[in-house]
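Colleague: I'm new to this one. Can you walk me through it?
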Amino acid sequence: MSALGTPAVDGEHSKGLHRLATGSTVGLAAGVVGLVVPVTLLVVQSESPGALPLSPSQLIQVTAVLAIAGALLLAVSLIIYRMGFAAFRKVDRRFWSASVLCMLGTVGLLLLVLPIVVALTSSDSIAACIQGSPTHAPACLRSAAPLAGYVAVLGFWLLWLGGLGIVVGLSLVSVRYRQVWLTAGAALYAILLLGLIAPALALLFPIGGLAYAVLALPVLVLVAPAVTSHGSHRAMSAPS
């Protein structure tokens, strides 16, 4: 036990915390590549048409490629998170739920690649549909490829469950080590999950007022893993 009454970080648990830090860092990179940069490009094009040296269809192609790269990075992040939670399963079987949910999230990400590829191959029609407004993207995907839209919905909800696995796992670790930064990381991921619900439902039917949700997501995608990484390092450096 540490001087503050928190458990000492043994070798296996130190490995688990290190994996959580690594998973959050990879997740941060995934968020930047797959969400922050594409949303920024779409917003710039929406607010200042012609500011980017890209045609609308080329912009869709670029954002689709970035989204695929971000999805692959996020899949790696979820795998590393799952490995991190596995290190704690011997002392707390509740970590099994976090591991299983992260695995479902990885499957969801693989499913999401299909609609992104459809967007890449149908860039002309989707670009004409979006007409400079990023919030039209879900409806445009439904219109261009209904089946891909349904696959995107299934993939999203599996990914959402993966995010829930991160929230559950981080919450358990934060309680074990009494680490407020990990608690904050879990809370921020939970807020991010809530913010993702409206854009996901927009894949099934039109929803108004998505602009604020779309613009808030990149901020949460950056802050949540950054706080989690800091909390993991703080827990690793706790006195034993």
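Modeller: A term to start with: helices here are DSSP runs of H or I with at least four residues, numbered from the N terminus. By that count, S174 sits in helix α6. Keep in mind that this is a predicted model.

Colleague: Is S174 buried or exposed, and why?
Modeller: S174 is buried, because its relative accessible area is 6% and buried means under 20%.

Colleague: Which residues does S174 touch, leaving out those up to four places away in sequence?
Modeller: Q179, L182 and T183. With T183 there is also a side-chain polar contact of 3.3 Å.

Colleague: On to the largest nonpolar core. How many residues does it have?
Modeller: The core has 35 residues. Y81, L170, V173 and Y189 have the most contacts inside it. Two or more residues come from each of α1, α2, α3, α6, α7 and α8.

Colleague: Which helix gives the most to this core?
Modeller: α6 does, with 10 residues.

Colleague: What does Y81 touch, again not counting residues up to four places away?
Modeller: Y81 touches L20, G23, S24, C102, I166, L170, Y189 and T228.

Colleague: New topic, the surface. Which residues form the nonpolar patch there?
Modeller: V32, V37, V219, L222 and V223. Together they have about 320 Å² of accessible area. α1 and α8 each supply at least two of the patch residues. The largest share, 3 residues, is from α8.

Colleague: Where is V32, then?
Modeller: V32 is in helix α1. It counts as partly exposed because its relative accessibility is 31%.

Definitions and conventions: Residues numbered from 1 in each chain as written. Predicted model: local features only at pLDDT ≥ 70, side-chain atom pairs only at ≥ 80, totals over all residues. Heavy atoms only, no water. Patch = residues over 30% accessible without salt bridge, like charges linked within 9 Å, V, L, I, M, F, W, Y side chains within 5 Å. Areas by Shrake-Rupley, 256 points an atom, 1.4 Å probe, with all protein chains shown as cover. Salt bridge = Lys/Arg side-chain N within 4 Å of Asp/Glu carboxyl O. Buried < 20%, exposed > 50% of the residue type's maximum accessible area, 1.4 Å probe, protein only. Core = buried A, V, L, I, M, F, W, Y, C linked by side-chain atoms within 4.5 Å. Contact = heavy atoms within 4.5 Å. Polar contact = N/O pair within 3.5 Å; in protein donor to acceptor, adjacent residues only side chain to side chain.
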